Amino acid sequence: MEVGYWVLPHARRRGVATRIARLLAEQAFALGVERVAAYVNVGNVASERVLERAGYLREGVVRSLPVPSGRRVDKPLFSLLPGE
């Protein structure tokens, strides 16, 4: 399962995205999901920190990932497993 989030400017820096990323994963685990993943755009340090604070681990960079525009981009991959 993959998670994603988008936080409006007035709600940023309040821990909202961190709580959402963690709660979504916990709900997924309660439903039997064994792995939750999240990709971020290269250079989006704020999003990387959100995931790290939520307990996700950076696994590396997925290279040449297709995106809806038809282009291919590199994206850092983070994941969380049950019990982490």
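**View 1. Glu48 is in contact with Val40, Arg58, Pro76 and Phe78, leaving out residues up to four places away in sequence.** Contact here means heavy atoms within 4.5 Å. What you are looking at is a predicted model, where local features need pLDDT of at least 70, side-chain atom pairs count only at pLDDT 80 or more, and totals for chains, interfaces and linings use all residues. Residues are numbered from 1 along each chain as its sequence is written, and side-chain values use heavy atoms, with hydrogens and water left out. Glu48 belongs to helix H2. Is Glu48 buried or exposed? Its relative accessible area is 9%, so Glu48 is buried (buried is under 20%, exposed over 50% and partly exposed in between, with a 1.4 Å probe and protein chains only).

**View 2. Helix H2 has a buried side made up of Ser47, Glu48, Val50 and Leu51.** These four cover an arc of only 155° around the axis, so they sit on the same side of H2; the arc is that of the directions from the helix axis to the C-beta atoms. If you are new to helices, here is a handy rule: an α-helix has 3.6 residues a turn, so residues three or four places apart point the same way. Take a look at the face turned away from the buried side, and you'll find the exposed residues Ala46 and Arg53. What do the buried residues of H2 pack against? Their partners are H1, S1, strand S2 (57-66) and strand S3 (72-80). Just past the end of H2 comes Gly55, which takes a positive phi of about 100°.

View 3. Thr18 and Val50 are 32 residues apart along the chain, yet their C-alpha atoms are separated by 5.1 Å. Thr18 counts as buried because its relative accessibility is 13%.

**View 4. The largest pocket is lined by 25 residues.** A pocket is an open set of points on a 1 Å grid over the protein atoms alone, where a 1.4 Å probe fits, with protein on both sides within 12 Å along at least five of seven lines; lining residues have an atom within 4 Å of a point. Tyr5, Val7, Ala46, Ser47 and Val50 are the ones nearest the centre of this pocket. Helix H1 (16-30), strand S1 (36-39) and helix H2 (45-53) are the elements that give two or more residues to the lining. Which element gives the most? That would be H2, with six residues.

**View 5. Arg72 sits in strand S3.** Arg72 counts as exposed because its relative accessibility is 52%. Beyond residues up to four places away in sequence, Arg72 touches Ser64, Leu65 and Pro66.

**View 6. Stepping back, the chain has two helices and three strands.** Both kinds of element are DSSP runs numbered from the N terminus: helices are H or I with at least four residues, strands E with at least two. In order from the N terminus, the elements run α-β-α-β-β. Of the 84 residues, 33% count as buried. The C-alpha trace spans about 35 × 35 × 20 Å along its principal axes. Among contacts in the chain with a separation of 6 or more, 57% come from residues 24 or more positions apart.
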